[in-house]
Amino acid sequence: MQIIPFNDNSSFYQQITLDSDVFFLYFRWNALNEFWVMSIYDIDYNPIILSIKIVPSYPLLSQYTMLNMPKGEMVCHNIVSDDGVIRRFDMQQKFELVYYSKDEWDALRSVS
């Protein structure tokens, strides 16, 4: 399990290693509709997935089947048991975006 860091900027890139592969994540706050979106790029900045809406308690990657994707799964967890709405400054305060390796995700799914 790996918590994906967030910052207070309304849009930002970050380099991250997931299961030994390097990716660039781009996060952007959609001010008009009030939600976060995430895009994933490979090490050469080639887009893999563009503008995934970040919603709580839902696997964000399993709906995509690109070859060069992260092998695991990302889920946004509510960490304070508040309402389920993610607001502009809620990431890292009320919600955490978590990456699970494939083995961790498979183990979690087998328990439920």
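Student: What makes the order of elements in this protein run as it does from the N terminus on?

Tutor: In this predicted model, the elements run β-β-β-β-β-β-β-α from the N terminus on, where helices are DSSP runs of H or I with at least four residues and strands are runs of E with at least two, numbered from the N terminus. Residues are numbered from 1 along each chain as its sequence is written, local features need pLDDT of at least 70, and side-chain atom pairs count only at pLDDT 80 or more, whereas totals for chains, interfaces and linings use all residues. Side-chain values use heavy atoms, with hydrogens and water left out.

Student: What makes a residue count as buried, and how many of the 112 residues do?

Tutor: Buried means under 20% relative accessible area with a 1.4 Å probe, protein chains only, and 40% of the 112 residues count as buried.

Student: Which residues have the most contacts inside the largest nonpolar core?

Tutor: A nonpolar core is a set of buried Ala, Val, Leu, Ile, Met, Phe, Trp, Tyr and Cys residues joined through side-chain atoms within 4.5 Å; the largest has 26 residues, and Phe 27, Met 38, Ile 54, Met 74 and Leu 97 have the most contacts inside it. Strand 3 supplies the largest share of this core, four residues.

Conventions. Buried < 20%, exposed > 50% of the residue type's maximum accessible area, 1.4 Å probe, protein only.
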